[in-house]
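Please read the briefing below alongside the sequence and the model.

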Amino acid sequence: MGSGNWEVTGPPGRGCGRPPGLPRGVLRQFRSALCLAGLHWFRRFQEVTLTHLQSIASNYNVSYNVDVRFRSLAEESQAVAQAVNRSQASLQGELLQLKAWVRKLQRRSRKVDMRLRALDLALGERSQQQARDRKAHEAQGDALRDSLARLEGLVHSQGARLAALERWLPVAHPGTTALGPALVPAPAQPDLLGPSSLKLQRDRQELRAASEHRGPRQDSSAPLQGTQEPPASGSHRVLNGTATAPKDPPQQAWSPRGPGEICGVGPTLVFPNASTKNVVFLSPGFVTALRAVSFCSWVRTASGRLGTLLSYATEDNDNKLVLHGRDSLLPGSIHFVIGDPAFRELPLQPLLDGQWHHVCVIWMSAQGRYWLHVDRRLVATGSRFREGYEIPPGGSLVLGQEQDSVGGGFDSSEAFVGSMSGLAIWDRALVPGEVANLAIGKEFPTGAILTLANAALAGGFVQRASCTCLEHCP
């Protein structure tokens, strides 16, 4: 103890020796305290070390996650770069195609522009040519009008000369017949014809040829002699079933019973009021397509308005052929409809006087020409109306009512109130001479496809009358 040297007792490796001179009990206590202190500091060291190691491990995990994230972002950026490269390549290809199309469009535009300029030039030349042709046609029209005026003067002079010859003929040649529809010698005395009679015949022929160029005579009030009529009333009958197209009726000679009388034109249909039940069907209608049509009839109105004379309807159009007076711009005008909505307005003011008038409406597909004759006079004409059109067959043909559907849809405001007589329809365009002969009862034109023999009364108050003369009809 005094020497200051520790005496190590106990088994080696225990770590605690006994100092010299200390009793064993104190040494044991000292050693226990020393051992507890070392154990305490050792545990503290362990905790600090563990904490430090945990911090190192956490930092390692964070750095590892950051590294993984960096690698993922690098891969995504590389994929995005590749996609951008592909998009750029595709866009460049589309731009190249667009440039090629633009170049083609520019070339085509230049070609179209050249064609348009050429067409404009051609149209200008054509318009100039048309203007020149129009001027030439106007000049020709003026020349034709001058020629017509000279021809009318010639006709008048020939007429005066003919009248003088007619007055002279019975005195100079008592063996010849009186001048009538044709200037011919009496067959019983052919030897009495001299040079003056032959010259009279030539003058008559020249006058007749000139009159044919001028059209029908305008004198409709003079008494008619030596003429013929359409079929008599006995040859017309009302059919309740299907009717066939009439044959050409026989011609019969007739003469008016008095000045201005109209006799022997056949049966008369009387529509007494505007009831929608007053309807007459013409059967079988049009069995073939029509590229021309002529409608003629004697008409007398009783209501101060025209109403509907004729209506032809098919499944696809209820106004294929219509003659009606409703919605006209002027009182007494009639709408001539072919294939709705195309129509022409025709003047029929003379029909509003309550007297009998002969009306003919004619149309032909070629050039769309149409004519309206009233009492042999041409009162309206035109062209380019339904040019090239064809009226189809298989529809419903009605008199006195306007159809809004096939065989029906009637409206009392469009009904016809009055009388019709001598009605007939042809599938061709009548010439002026035929219209004039029909109006005066001289000759019934051949080829009629429908007459009142095809009429079937559908009920209502329509009356069928047989009158000797139209003036005596109800």
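The points below are grouped by topic.

This is a predicted model, in which local features need pLDDT of at least 70 and side-chain atom pairs count only at pLDDT 80 or more, while totals for chains, interfaces and linings use all residues. Residues are numbered from 1 along each chain as its sequence is written, and side-chain values use heavy atoms, with hydrogens and water left out.

**Confidence**

- The average pLDDT (the predictor's confidence in each residue, from 0 to 100) is 77 for the chain, and 72% of the residues score at least 70.
- Residues 172-200 have a pLDDT below 50, and this stretch has 33 contacts in the model beyond near neighbours in sequence; a contact means heavy atoms within 4.5 Å.
- Residues 206-257 also fall below 50 in pLDDT, with 110 contacts in the model beyond near neighbours in sequence.
- Where pLDDT is low, the predicted coordinates should not be read in detail.

**Aromatic pairs**

- There are five aromatic pairs in the structure; rings of Phe, Tyr and Trp (its six-membered ring) pair if their centres lie within 6.5 Å, and planes under 30 degrees apart count as stacked, over 60 as edge-to-face and the rest as tilted.
- Phe336 and Phe385 form an edge-to-face pair, because their ring planes are at 65°, with the centres 5.5 Å apart.
- This pair links distant parts of the chain, 49 residues apart: Phe336 is in strand 8 (residues 333-338), and Phe385 is in the loop between strand 12 (377-382) and strand 13 (396-399). Strands (E, at least two residues) are DSSP runs, numbered from the N terminus.
- Tyr370 and Phe385 are also edge-to-face, since their planes are at 80°, and the ring centres are 5.7 Å apart.
- Tyr370 lies in strand 11 (residues 369-374), so its pairing with Phe385 ties together parts 15 residues apart in sequence.
- Relative accessible area is 2% for Phe336, 1% for Phe385 and 10% for Tyr370, so each counts as buried (under 20% relative accessible area, with exposed over 50% and partly exposed in between; 1.4 Å probe, protein chains only).

**Charges over rings**

- Lys104 has its charged end over the ring of Trp101, 5.0 Å from the centre; the criterion is NZ of Lys or CZ of Arg within 6 Å of the ring centre and within 35 degrees of the ring normal.
- Arg386 lies over the face of Tyr389, at 4.6 Å from the ring centre.

Technical notes. Helices (H or I, at least four residues) and strands (E, at least two) are DSSP runs, numbered from the N terminus.
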